[in-house]
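Here are some notes for a colleague who is opening this structure for the first time. Please read them with the view beside you.

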Amino acid sequence: MRMVDVIEKKRNGKSLTTEEIEFLVKGYTNGDIPDYQMSALLMAIFYQDMTDTEITNLTLNMANSGDVIDLASITGIKVDKHSTGGVGDTTTLVLAPLVASVGVPVAKMSGRGLGHTGGTIDKLEAIPGFQVEIPNEQFIRLVNESQVAVTGQSGNLAPADKKLYALRDVTATVDSIPLIASSIMSKKIAAGADAIVLDVTTGDGAFMKNIEDATRLAETMVRIGKLAGRQTMAVISDMSQPLGEAIGNSIEIEEAINTLKGQGPKDLEEMVFVLGSQMVVLAKKAETLEEARQLLEEALHSGKALAKFKEMIENQGGDPSVVDQPEKMGTAKYVTVLPAKESGYIRNIHAENVGIAAMLLGAGRKTKEDVIDYTVGVKLHKKVGMAVEQGEPLVTVYANTEDITEVEQLLYNNIEIGEEVAEPVLVRKIIT
Ligand code: URA
Ligand code: CA
């Protein structure tokens with residue numbers, strides 16, 4: 001088989017066979033197929049799309065390109081949750097201990113930040129001592145003993161995706177539905193959970209900017225998950241504005257702690273209950289979503305979920321006293337409250353550019369080599385639909401550089417004030 005023939009076939013809009021897909025995933029992973037040929041194929045896929053059969057073949061080949069984790073030694077139905085990426089998306093930090101506190105085993109593999117989006121693993125590293133790279137045996141032992149552990153992606157999990165993702169990032173082929181679906185699902189399948197809850201974000205801060213594309217991505221991933229023998233469902237959620245109030249690392253850990261105390265932002269809390277209820281039902285710890293939600297609300301208000309978060313921090317070598325003294329994670333040197341320049345209603349908070357503002361402060365990486373500053377970030381005092389008076393606090397900037405002119409400009413330009421608008425609907429669709 002020759003790669004050039006495979007490229008030509010896809011360029012001409014034809015479907016690739018099972019053998020052709022196996023050939024290209026294997027060949028690219030082991031280095032036989034060079035980047036320039038794979039780049040040409042990725043661009044052909046971007047324009048010509050793939051059938052469901054092709055996407056499924058691609059996903060399964062990528063999932064089997066490296067280690068496939070066996071979680072069979074963990075008792076119970078293991079449920080994983082995955083978000084397609086967002087700004088200020090603090091859900092995993094709250095969900096993992098909350099769901100674990102009602103007895104659902106959560107073996108969570110999380111990622112680092114990408115572009116303007118943050119990553120759970122980076123946020124957890126804001127906690128002094130917290131170990132995100134833990135050996136597989138320890139990971140499994142912790143989930144068995146304590147129902148929860150969060151780790152970074154193991155080195156050899158879906159290496160085909162790792163290599164392809166890096167190439168897509170620099171060839172303008174990231175935002176393709178067949179490529180995103182196969183990338184995410186290959187990792188989820190290799191990570192070994194029995195059931196998968198997908199949070200497919202849509203809007204300005206997400207990869208899928210509109211509901212039609214988000215729906216197709218969600219339906220595609222759910223279908224692949226089921227074909228691979230995993231119970232899979234998706235929630236399509238709004239990411240037109242950032243989730244919650246905090247966008248950063250230590251300030252998002254603090255936001256998660258407040259939410260576990262029942263004092264978090266309402267949208268974040270709602271998202272956690274919606275996704276958590278689905279996880280509890282899939283794990284068969286409740287019969288209905290209503291019953292599941294009630295269990296979770298009790299765990300949150302009784303302090304059980306917060307205690308589980310402390311336990312999780314301690315289990316992974318972190319300092320659990322940050323739960324009561326978040327300042328132990330360090331504080332930014334310059335804290336500036338930006339007042340609203342006019343009165344009116346918040347019409348829009350452009351998530352992507354607010355994410356970029358946080359990244360410019362040092363909360364995210366501009367290049368792979370950048371080192372994250374855990375203490376910096378942005379905290380929103382107003383969300384879309386809320387009234388604001390001129391001079392009232394609009395947003396707080398946490399910085400370690402004195403000059404924040406660029407970030408200040410970016411924030412003012414991306415928080416629109418004007419006529420009254422409705423609050424955005426948080427949960428747009430459920431796909432089962
Ligand atoms: N997240 C992934 O893991 N892969 C993609 O392609 C996009 C988002
Ligand atoms: Ca947040």
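1. L243 is a place to start: with a relative accessibility of 4%, L243 counts as buried. Buried here means under 20% relative accessible area, exposed over 50% and partly exposed in between, with a 1.4 Å probe and protein chains only. T90 is buried too, at a relative accessible area of 0%.

2. On conventions, this is a predicted model in which local features need pLDDT of at least 70 and side-chain atom pairs count only at pLDDT 80 or more, while totals for chains, interfaces and linings use all residues. Residues are numbered from 1 along each chain as its sequence is written, chains are lettered from A and ligands numbered from 1 in the order in which they are written, and side-chain values use heavy atoms, with hydrogens and water left out.

3. Which residues coordinate the calcium ion (ligand 2)? The donors are G88 (O), T90 (OG1), L243 (O), A246 (O) and E255 (OE), at 2.3 to 2.6 Å. Donors are N, O and S atoms within 2.8 Å of the metal (3.2 Å for Na, K and Ca); water is not among the atoms, so sites may look incomplete. Along the chain the donors follow the spacing G-x1-T-x152-L-x2-A-x8-E. T90 sits in the loop between β1 (79–83) and α5 (91–101), and L243 in the loop between β5 (231–238) and β6 (246–248), so the pair ties together parts that are 153 residues apart in sequence. Helices (H or I, at least four residues) and strands (E, at least two) are DSSP runs, numbered from the N terminus.

4. Around ligand 1 are Y165, R168, I180, S183, I184, K187 and F207, each with a heavy atom within 4 Å of the ligand. By class, this shell has four nonpolar, one polar and two charged residues; Ala, Val, Leu, Ile, Met, Phe, Trp, Tyr, Cys and Pro count as nonpolar, Asp, Glu, Lys and Arg as charged, and the others, Gly among them, as polar.

5. A polar side-chain atom of S183 is 2.7 Å from a nitrogen atom of ligand 1.

6. α9 (177–190) and α8 (159–169) each supply at least two residues of that shell, and α9 gives the most, with four. In α9, 14 of the 14 residues are buried, so α9 is largely enclosed by the rest of the structure. Just after α9, G192 takes a positive phi of about 90°.

Technical notes:
Polar contact = N/O pair within 3.5 Å; in protein donor to acceptor, adjacent residues only side chain to side chain.
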